[in-house]
Amino acid sequence: MRNILENMDSCVGCSACAQRCPRQCISMIPNDEGFLIPLIDEKRCNDCGLCKKVCPVLQADFSLDSTRETDFPRAWAAWSTDDDIRLNSSSGGLFSMFAESCLLRGGTVFGAAFDEGFMVRHTGISNLSELDSLRRSKYVQSDIDGCYREAEKLLKEHRPVLFSGTGCQIAGLMSFLGKPYPELLTIDVVCYGVPSPKVWSMYLDDMKKRYKGDIAAISFRDKKDGWKNYCMFIGFKNGRFYRRTAVNDTFFIGFGKNLLSRKSCYSCQFRHPRSQADLTLADFWGAERLEGIDTLDNKGVSLVISNTPKGQAALESIRDKCYLMETSFSEAASGNPRVTESAPMPRSRALFFEDLIRGMRFSSLRRKYMNPFVQTLKLSVKRILGPRSIERLKKLKRV
Ligand SMILES: Cc1cc2nc3c(=O)[nH]c(=O)nc-3n(C[C@H](O)[C@H](O)[C@H](O)COP(=O)(O)OP(=O)(O)OC[C@H]3O[C@@H](n4cnc5c(N)ncnc54)[C@H](O)[C@@H]3O)c2cc1C
């Protein structure tokens, strides 16, 4: 079987190859772990090589931006002064500020939304009334679908486009386009790793069974108990709801243990300093360290990094709608390791996916790998006996 990459574990699933293929002979299909990978129809492929030319993984070194200005990156703590937007966003709501500005100029904003089945897909919106669908992080790999092609069409018509996504999705877009467009603004989010859509779908089925109803709404970042203590919220059509802090929710436990991410995420090539976006957004964890910042309201603080003059100009254009405080990039990155480093792959990831692939039921996977009780117990032991205690207990268990 023909592959675009020698090692398909490094494929990020952006689908630039499938969208660029002139014969449309590449389909994105889920692998055993539930992540989309390209499948080439060998009978129709004429080996033109375009798929390799637009693959951001193969072009990664080539795309290290030599034109980037030396004044960048610049980092800011920021939040929207509109409390409604801030409370309904993951961090400080900066994404919505940039999106609004693009929409008000008649542009199109691309980002990740839930579909009818609450799976995560990229989509383009052109009305303010649709903006809420892109708001808030969905911690599952989104399916880019045909969005690169749609964005290219708009850009060729000189229409403003804001494209947001993970670092690899923005890198995929840039190699797909192959040239800069003045009307394009790109935003990537600092990314812990993208969890498997298959695990997400199993989690949803499990929740529907337990709550005996279909799902009406989901928020991964419910701020009812504040930004720092965010919750998974699921509302059901039968009126029942589920709300759990991240440390007590099955899916978040798997995410936090880094069991569920795509293999390529563990050695991501698209974080700083290789981000190819004009702007990078994250949570500004530890913002209280900065003099003059009051985070006691616990409504959320964004870290905004401008990587290019275009990103900086976009930030200046929304200045009157947000609180902004500049800090150094190293100060900001020191409190948020995911800005520059991938989270390591735990040994249990392979075991988790082995069990999943050989058909272990979600309830068993949950008990074995994502158990809130074990998690809470470990946290309490850690708190009481110190961080080394878990390692000591593991050694004792082995003996
Ligand atoms: C998978 C994932 C992992 C993340 N990991 C971290 C982390 O470890 N540390 C950290 O500080 N921040 C992380 N973030 C970023 C953070 O959660 C916020 O998205 C970011 O701070 C923007 O918040 P906001 O308040 O400005 O806007 P919001 O309205 O909350 O953010 C919406 C933006 O997120 C994008 N988005 C949402 N879901 C996805 C998705 N599945 N794939 C691609 N783009 C998506 C939307 O397109 C939009 O651009 C992660 C985000 C995602 C999606």
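Trainee: Does S96 count as buried or exposed?
Mentor: This is a predicted model: local features need pLDDT of at least 70, side-chain atom pairs count only at pLDDT 80 or more, and totals for chains, interfaces and linings use all residues. Residues are numbered from 1 along each chain as its sequence is written, and side-chain values use heavy atoms, without hydrogens and water. Buried means under 20% relative accessible area, exposed over 50%, partly exposed in between (1.4 Å probe, protein chains only). S96 has 1% relative accessibility, so S96 counts as buried.

Trainee: Which helix is the place of S96?
Mentor: Helices are DSSP runs (H or I, at least four residues), as are strands (E, at least two), numbered from the N terminus. S96 falls within residues 94-104, and that helix is α4.

Trainee: Which residues does S96 touch, not counting those up to four places away in sequence?
Mentor: Contact means heavy atoms within 4.5 Å. Leaving out residues up to four places away in sequence, S96 touches I85, S89, L131 and R135.

Trainee: How many residues of α6 are buried?
Mentor: G167, C168, Q169, I170, A171, G172, L173, S175, F176 and L177 of α6 are buried. They pack against α1, β5, α5, β6 and β7. So α6 is mostly covered, and its buried count is 10 of 11.

Trainee: What is the angle between α5 and α6?
Mentor: Axes are lines fitted to C-alpha atoms, for helices over the stretch in contact, and angles run from 0 to 180 degrees between N-to-C directions. The axes of α5 (147-156) and α6 (167-177) come within 10 Å. They cross at roughly 50°.

Trainee: Which residues of α6 make the contact with α5?
Mentor: From α5 come Y148, R149, E152 and L155. From α6 come C168, Q169, G172, L173, F176 and L177.
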